Structures are given as C-alpha cells and as structure tokens.
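Please keep the sequence and the coordinates in view while reading.

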Amino acid sequence: MGADSTVSLNSLPAPKRRMLVALKRRGEGSVEDLASALGVTVSAVRQQLAGLAAEGLVSHRTLRSGAGRPRHLHALTQAAEAFFPRTYAELTNELLAYAEDEDPGTVDRVFERRRRRRVHDALARMGGKPFDDRVEELTRILDEDGYLASVEALPGGSYLVTEHNCAILGVAQRYGLACSTEIEFLREALPDAEIERVAHRMTGGLVCSYAIRPKRAKRRRSRGTLTAG
C-alpha cells in the first residue's frame, strides 16, 4: 500500500510510529536489535514488521556470516520515507533553477544567506553555555529542523552527532552547496570544536554523522618558554 503523503508520522498509532522511528534511527536492524531498542519482545517485533512489510513500508536483506544462521536486517522502504520531514524538494529545486538561469551566482548567495541565518540563530541559543551543553543544544536545533538528530557521547569528551533524516535530501542531491554549507554551519556554530563528517548519505551512507571534539589549545616553545599559541 505504501505511505499516504497526507498522513503525518505523528498521526500513526504509537507502536507503528515507534517502529518506523527506530528503523530510521538505526538505518537497518535485526529483529533482536529492534526488540532491545524498543523494549518489547522479539515476537512483538516480528508481528509489527510483518504488518509493515505487507504495507510496503519495510523490506529486509539477508546477511550471511560464517556457518551460523543468516541474519535478516530490516530497513525502511522509499515509501516509508514519505512519513519523515521533507522540504518540498521539487518546488525548491525548480525555483533555484529559475534563479540560477537569471543569475548563476544567485544560488551560491542564497545558500550563503541561509547558512549565516542558521549560524546567527544557533549562536544566540547556545551563547554562554559550556561545550557539552552547546553540543546538546545544536543537536536539538538540527532535530527541530527535521533532521531527526541524535547525539552520542564518546570517550575523551568527544561526540557523534547523527542526522538520521535528511530534511533537504532532494535539494542536496542536485546542489552540493546544501551539504558543504551544512558542515560550515556546524563549524561556525561550534567554533571551538573540530568537526569531521564521518558518514554521508551523498556517498552511500544511511545517515550523515559528524565527529565533534573540543579543540585543544596549541602551544609552542619560544626561546625556552612554553607559551600559548
């Protein structure tokens, strides 16, 4: 049956919504993985997945490893993606193409203005907070923008911020500036952090992920004295 574009994710029954969100966050997962993530029985997950597969919302692939039984990894279908936020990519791309026809530099300026506005708004929300709190706040901003973002604390004071949904996927597929200005936005919003994109949907990843670590103060030796660099 597939997703009805007039139905929002929040209007779905809670068990169905939780399963779709769990799959979206994981990219793909086994029955056991999903049962653990949702805190339900394996039997309940199998029943839900069967119903979602019948609706054309979930598919699976078989993963064989060694001599043991193969694992089935489940993932959302393209139809299920319609439940997650999009920003009218077709219309946006059409309007950007018109602007590009009128003046090739317009598209660059549009993305730059969007980046500056996002940086300004983010800095206003994050100002004065400790580094850890600012990472959390930036994740909330991304989540509010439709990226279904999550943050994971890593050893050494680092973090992994993951965008499980690309709210501008259709635009990013046509305009690479959408991706380059995204990481520029993150770096300007956290100027005291080193930020590296470690997963990217445009290069085949299931998500976009960013490793974030606080910058270490550089020091240099000058005339026998250790001074801040």
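Leu-148 is buried, at a relative accessible area of 16%, where buried means under 20% relative accessible area, exposed means over 50%, and partly exposed covers the range in between (1.4 Å probe, protein chains only). Although Leu-148 is not a glycine, its phi is positive, at about 45°. The residue lies in the loop between H7 and strand E3 (149-154), and the positive phi occurs just after H7. Helices (H or I, at least four residues) and strands (E, at least two) are DSSP runs, numbered from the N terminus.

This is a predicted model, in which local features need pLDDT of at least 70 and side-chain atom pairs count only at pLDDT 80 or more, while totals for chains, interfaces and linings use all residues. Residues are numbered from 1 along each chain as its sequence is written, and side-chain values use heavy atoms, with hydrogens and water left out.

Which residues of H7 are buried? They are Phe-131, Arg-134, Val-135, Glu-137, Leu-138, Thr-139, Ile-141, Leu-142, Gly-146 and Tyr-147. An α-helix has 3.6 residues a turn, so residues three or four places apart point the same way. The cover over the buried residues of H7 includes the helices H6 and H9 together with E3, E4, strand E5 (193-199) and strand E6 (208-214).

Tyr-159 belongs to strand E4 (residues 158-163) and is buried, with 9% relative accessibility. Leaving aside residues up to four places away in sequence, Tyr-159 touches Phe-131, Asp-132, Val-135, Val-151, Glu-152, Ala-153, Leu-154, Tyr-210, Ala-211 and Ile-212; a contact means heavy atoms within 4.5 Å. Between Tyr-159 and Asp-132, which are 27 residues apart along the chain, the C-alpha separation is 8.9 Å.

A salt bridge is a side-chain nitrogen of Lys or Arg within 4 Å of a carboxyl oxygen of Asp or Glu. Arg-118 and Asp-145 form such a pair, with the closest N and O atoms 3.4 Å apart. This pair links distant parts of the chain, since Arg-118 is in helix H6 (residues 106-126) and Asp-145 is in helix H7 (residues 131-147), 27 residues apart. Arg-118 counts as buried at 4% relative accessibility, whereas Asp-145 is partly exposed at 34%.

Arg-118 also meets Glu-182 in a salt bridge, at 2.7 Å from N to O. Here again distant parts of the chain are linked: Glu-182 is in helix H9 (residues 177-189) and Arg-118 in helix H6, 64 residues apart. Both Glu-182 and Arg-118 are buried.

Other salt bridges occur elsewhere in the model. Glu-112, Arg-115, Arg-116, Glu-184 and Glu-188 are linked in a network of them. Asp-33 and Arg-26 form another, with the closest N and O atoms 4.0 Å apart. In that pair, Asp-33 is partly exposed at 25% relative accessibility, and Arg-26 is partly exposed at 40%. A search of the whole structure finds 18 salt bridges.

H6 also packs against H5. Two packed helices are described by the angle between their axes and the distance between the axes. For H5 and H6, the angle is about 125° and the axes are 8 Å apart. Axes are lines fitted to C-alpha atoms, for helices over the stretch in contact, and angles run from 0 to 180 degrees between N-to-C directions. H5 and H6 are therefore oblique to each other, because angles under 35 degrees count as roughly parallel, over 145 as roughly antiparallel, 65 to 115 as roughly perpendicular and the rest as oblique. Leu-96, Ala-99 and Glu-100 of H5 make the contact with Thr-106, Val-107, Val-110 and Phe-111 of H6.

A nonpolar surface patch consists of Leu-91, Leu-95 and Tyr-98, which together have about 320 Å² of accessible area. Patches are made of residues with over 30% relative accessible area and no salt bridge; like charges are joined within 9 Å, and nonpolar side chains (Val, Leu, Ile, Met, Phe, Trp, Tyr) within 5 Å. Leu-91 is in helix H5 (residues 89-102) and is partly exposed, at a relative accessible area of 48%.

The totals for the chain complete the account. The protein chain contains 9 helices and 8 strands, and 39% of its 229 residues are buried. Of the contacts between residues at least 6 apart in sequence, 51% join residues at least 24 apart. The accessible surface of the chain is about 13,200 Å², with 51% belonging to carbon and sulfur atoms; accessible areas come from the Shrake-Rupley method with a 1.4 Å probe, and for residues only the protein chains shown count as cover.
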